[in-house]
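User: Please take a close look at one part of this model: the aromatic side chains and their contacts. Then place them beside the sheet.

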Amino acid sequence: MILISRNTWSGIAAVVILSLLTLYLTWNVYVQANLYRELTANELDYSSYSKIGVISDLHLERRQNVTGCPKMEFNGSVTWHNHYNSTTYGARGCDSSYGLAKHSIKSFYNKMLQLGDTEFLVNIGDFSSHAETEYSGTMECFKNITVLFAGEETMLVPVYSVLGNNDMPLDYLEPDQHRRFYREVWEQFRLLMRGRETTGARESFERGGYYSINHAPKLDVIGLNTVAFSVKTNITKEEVETQFVWLENTLNRAKTAHRGVIILGHISSSLSQFQTERMLWFRQVMWREEYTARFNDIVSRYSGVIRFTLFSHSHSFSWYIGVEKPIPPSYFILSAISPLYENEPSFHVLTVSPTWSLLDIWTYYTPIEFYTRQNLTPVFRFLFSLKEKFFDRPIENKDTILSAGVLKTVTSRLIRPLDMQRTFNTFTELGYQLAYLPARLSPYKMYCVLTQNSLTGIEGCFEKFKYKSIFPDTDESGDDSD
């Protein structure tokens, strides 16, 4: 029997402790280095800047399990789809399981807490799944997601939310007892505002699903009900005009008080790039033409007040510049958590200036099937910085505001010979969240879609580049392979 002296044991313990300490310090350096890389994307040091977290299109499917999920077919029927690789975290091709929604919100909060200087969080609509058809089921989704957000008590910042089309109990359609519906939804929204509810916000939301909040001494946050502007809704023109009048009055008050405004909405006034090639039967802009014209007119007149506008809905990342005006409206489309359309779940971090202007957008994503096929817990990773990917000299443009003019300059590279292919490939890869089957577009068509938000404008742009029409029942010239 070998006897080991007390001194020898002490020496072994010291070596073990020293090894563990070394391992911890090495890991800590690694973690801090990765965090620094995120805070200084391509050496853009935003570590001391205010940030806004954005998550959208959670699409909680309350009936999903490890065998698969229900899906809404195009004829309106709901069928069950089996997924052999489905786990607690769901699968591509399904809306979010409870496990994926919970884990995504937890990861979202952890990332915002890690980066620091978070002003507020945003949820840009579609709490409920595509296959939900019951009023009670829709409200259950609202309550479940509210509980998941409210349970994150490590960072008590307000969360501002808006309605999506799938949040209506019958997709896009306002229920008969819509005031009751808006009242019940508001009770969920206000719970996450952390006491920031502003006088008049409840009244306007219960009337039509929109509101304005005084977030800070020099900032208002406006949440629009853009489902009302959709080509598919049953909301009346009178109700829509009431919202537009309210929007104009709200912006005018902000202008008089020298306050900035951030506008939130779910459905944007644009043609989805998916619709341009993959969904030939569904080629239409998402708002009624007259509502797009009205919105363009209002936001153009108050461009000095509006800091930026955020939408979602299409489960992809992009931006749009509206019809030509002295100062054209511009807005960002942010991607989704739900992997229904074969996209990877993602959320975003926005960096803003002291005057609330938008400086950069960072996207975090998780390659969901990589984890579900191996029964692993998904990890959200840093994917890209907008300025790092789309600006030639991001360091020099660190404090450049992402204005309509700047976006127009970047977008115009799609029709420049030397920049066309690189810009097109970047948009295609990042815009569809690494989807395996992106839409087939040419750089010219992409340019048209990103710079026009009306059918008339898009068709005129298509004609300019010798594409005859965006509609499937007419002959198109031009080779889509370019």
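Analyst: The charged end of Lys387 sits over the ring of Phe391, 5.8 Å from its centre (NZ of Lys or CZ of Arg within 6 Å of the ring centre and within 35 degrees of the ring normal). This is a predicted model: local features need pLDDT of at least 70 and side-chain atom pairs 80 or more, while totals for chains, interfaces and linings use all residues. Numbering starts from 1 along each chain as its sequence is written, and side-chain values use heavy atoms, without hydrogens and water.

Now the ring pairs. Rings of Phe, Tyr and Trp (its six-membered ring) pair if their centres lie within 6.5 Å; planes under 30 degrees apart are stacked, over 60 edge-to-face, the rest tilted. The count comes to 37 aromatic pairs. Phe311 and Tyr331 have centres 5.1 Å apart and planes at 90 degrees, so they are edge-to-face. Phe311 lies in strand E11 and Tyr331 in strand E13, 20 residues apart (strands are DSSP runs of E, at least two residues, numbered from the N terminus). Phe311 is buried at 0% relative accessible area, and Tyr331 is buried at 1% (buried is under 20%, exposed over 50%, partly exposed in between; 1.4 Å probe, protein chains only). One aromatic cluster includes Tyr46, Trp362 and Phe382.

Next, the sheet. Six strands form an open, mixed sheet in the order E7-E6-E3-E14-E15-E16. Strands E7 and E16 each have a single partner strand, so one side of each lacks a neighbour in the sheet. Strands E6 and E7 pair in the parallel sense over three bridges (pairing takes at least two DSSP bridges). Asn123 stands opposite Ser161 in E7.

Notes:
Helices (H or I, at least four residues) and strands (E, at least two) are DSSP runs, numbered from the N terminus.
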